[in-house]
Amino acid sequence: GNPELPTAVNITWSSINFKTILRWQPKPSGYLYTVEIHGQTSDTKKKCILTAETECDVTDLLRNVREAYTAHILSVMSSGMDNFEEPPFAVSEKFTPYSQTILGKPEIKNYTQKGSKLDVVFQDPLTPYTFPNGSFQSIRDIFQNDLEYKMYYWKDQSSGKKDAITKSHKFEERVDSSKNYCFYVQGIIPSRRENRNGQESMVLCTSIGRNILDEYGAEFFIIIAVIVIAIITSAVVLSVVLCKRKKAKAAREEEPLNGV
C-alpha cells in the first residue's frame with residue numbers, strides 16, 4: 001500500500017431517526033478519502049469517493065437497519081486508487097442502526113385540558129427511508145411494537161413529576177382541574193440496553209385561566225401589602241405633623257401684639 005499516507009482517526013457514527021453521518025479526522029492534505037461500507041451479509045459499497053471532506057452521509061447504504069456495519073475510511077492519492085495496491089485505511093467500530101440510532105423529538109400536534117382531563121396528541125418522527133409510493137416511513141413503521149412513548153407531566157410551578165406510557169399517539173391523564181400542567185414526550189425502546197430514551201419534545205403548558213395569586217404567588221402580595229401599609233402610615237404621620245404645625249401657627253397669629 002501507501003504507508004506514507006495518514007489514515008483516518010476518531011471515526012464516529014452519528015444517527016438520529018436513521019439518518020446516519022460518518023465523521024472522522026484529520027482534514028486531508030495531498031490525498032483524499034473514500035468510504036467503504038461493509039455489512040455482515042451485504043456487498044461492500046462505496047460512498048463519498050475521493051472526497052476532501054471528513055464526513056459522509058451513509059444513510060442510503062444502511063437500509064437493512066438490523067444489520068451490523070463497519071466503515072473503512074481509505075486514504076488515496078488524488079489521482080485515484082491504485083488498482084494493484086490496497087490503499088491504507090482505518091476501520092470504524094460496528095454500527096447497527098436498529099439498536100443504535102437515536103430517537104428524535106416527537107412533534108406535539110394538539111393538547112387540551114378540560115376539567116380534570118389532560119389530552120396530548122403527538123406525531124412519530126419521520127425517517128429518511130420511503131415506501132414504494134414515495135411517502136416517508138416513520139420510526140413506528142420500523143420499530144413497530146418495540147416503540148413506546150413516555151410523557152412526563154407536572155403542575156405548573158411545581159417540581160413533582162408524574163409519568164405515563166402509551167404505544168399509541170395520544171395520552172389521556174387525570175389531573176387537578178384547578179391547576180395548569182406542563183409536559184413533554186419522548187420515545188422509548190425498552191428492549192435496548194443503550195440509547196433507550198429518545199430526545200425530549202419541547203415543554204408545553206396548558207392555560208386554563210390562572211388567577212393573579214397563581215401568577216405571582218402569596219409572597220408577592222405580602223410585600224405589596226407591607227409597602228402599602230408603610231405608605232399609608234407615612235401619609236397619616238405627615239398629615240398629623242402638618243396639621244399640628246398649622247394649628248400652632250394659627251395660635252401664634254391670634255396672640256395680641258406686645259405693647260398694644
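Which residues do ring pairs link into a cluster? In this predicted model, the cluster consists of Phe 18, Tyr 98, Tyr 129 and Phe 143, linked by ring pairs. Tyr 98 also takes part in a contact with a charge: the charged end of Arg 66 sits over the ring of Tyr 98, at 3.9 Å from its centre.

Across the model, the count of aromatic pairs comes to 12. One of the pairs is formed by Trp 13 and Phe 95, with ring centres 4.9 Å apart and planes at 10°; the pair is classed as stacked because planes under 30 degrees apart meet that criterion. Trp 13 belongs to strand β1 (residues 9-16), whereas Phe 95 is placed in the loop between β7 (89-91) and α1 (97-100). The two residues are 82 residues apart, and the pair thus links distant parts of the chain. Trp 13 and Phe 95 are both buried. Another pair, Trp 154 with Tyr 184, has ring centres 6.0 Å apart and planes at 65°, so this pair is edge-to-face. This pair likewise links distant parts of the chain, with Trp 154 in strand β12 and Tyr 184 in strand β15 (residues 181-188), 30 residues apart. Trp 154 has a relative accessible area of 13% and is therefore buried. Tyr 184 counts as buried as well, because its relative accessibility is 8%. The face of Trp 154 is also approached by a charged residue: Lys 161 lies over it, at 5.0 Å from the ring centre.

Strands of a sheet pair through backbone hydrogen bonds, in either a parallel or an antiparallel sense.

Strand β12 spans residues 148-155 and is joined to β13 by five bridges. Its pairing with β15 is antiparallel and extends over eight bridges. Individual positions show how β12 is set against these strands. Lys 150 stands opposite Ile 165 in β13 and opposite Gln 186 in β15. Tyr 153 has Lys 162 as its bridge partner in β13. Strand β12 is mostly covered, with six of its eight residues buried. β12 and β13 form a hairpin in which six residues lie between the strands. Within this turn, Gln 157 has a positive phi of about 70°.

Positive phi values also occur elsewhere in the model. Leu 50, a residue other than glycine, has phi near 50°. Leu 50 is found in strand β4 (residues 45-51) and is partly exposed, with a relative accessible area of 35%. For Asn 195, also a residue other than glycine, phi is near 55°. Asn 195 is located in the loop between β15 and β16, and its relative accessibility of 36% makes it count as partly exposed. A separate backbone feature is the cis peptide bond that joins Gln 25 and Pro 26, with omega of about 0°. Pro 26 lies in the loop between β2 (19-25) and β3 (32-39).

On the surface, a nonpolar patch is formed by Ile 223, Ile 224, Ile 227, Val 228, Ile 231, Ile 232, Val 236 and Val 240. Together these residues have about 690 Å² of accessible area. Ile 227, one of the patch residues, lies in helix α4 (residues 218-254). Ile 227 counts as partly exposed, because its relative accessibility is 44%.

How values were computed: Residues are numbered from 1 along each chain as its sequence is written. This is a predicted model: local features need pLDDT of at least 70, side-chain atom pairs count only at pLDDT 80 or more; totals for chains, interfaces and linings use all residues. Side-chain values use heavy atoms; hydrogens and water are left out. Two strands pair if DSSP finds at least two bridges between them. Helices (H or I, at least four residues) and strands (E, at least two) are DSSP runs, numbered from the N terminus. Rings of Phe, Tyr and Trp (its six-membered ring) pair if their centres lie within 6.5 Å; planes under 30 degrees apart count as stacked, over 60 as edge-to-face and the rest as tilted. Buried means under 20% relative accessible area, exposed over 50%, partly exposed in between (1.4 Å probe, protein chains only). A charge sits over a ring if NZ of Lys or CZ of Arg is within 6 Å of the ring centre and within 35 degrees of the ring normal. Patches are made of residues with over 30% relative accessible area and no salt bridge: like charges are joined within 9 Å, nonpolar side chains (Val, Leu, Ile, Met, Phe, Trp, Tyr) within 5 Å. Accessible areas come from the Shrake-Rupley method with a 1.4 Å probe; for residues, only the protein chains shown count as cover. A salt bridge is a side-chain nitrogen of Lys or Arg within 4 Å of a carboxyl oxygen of Asp or Glu.
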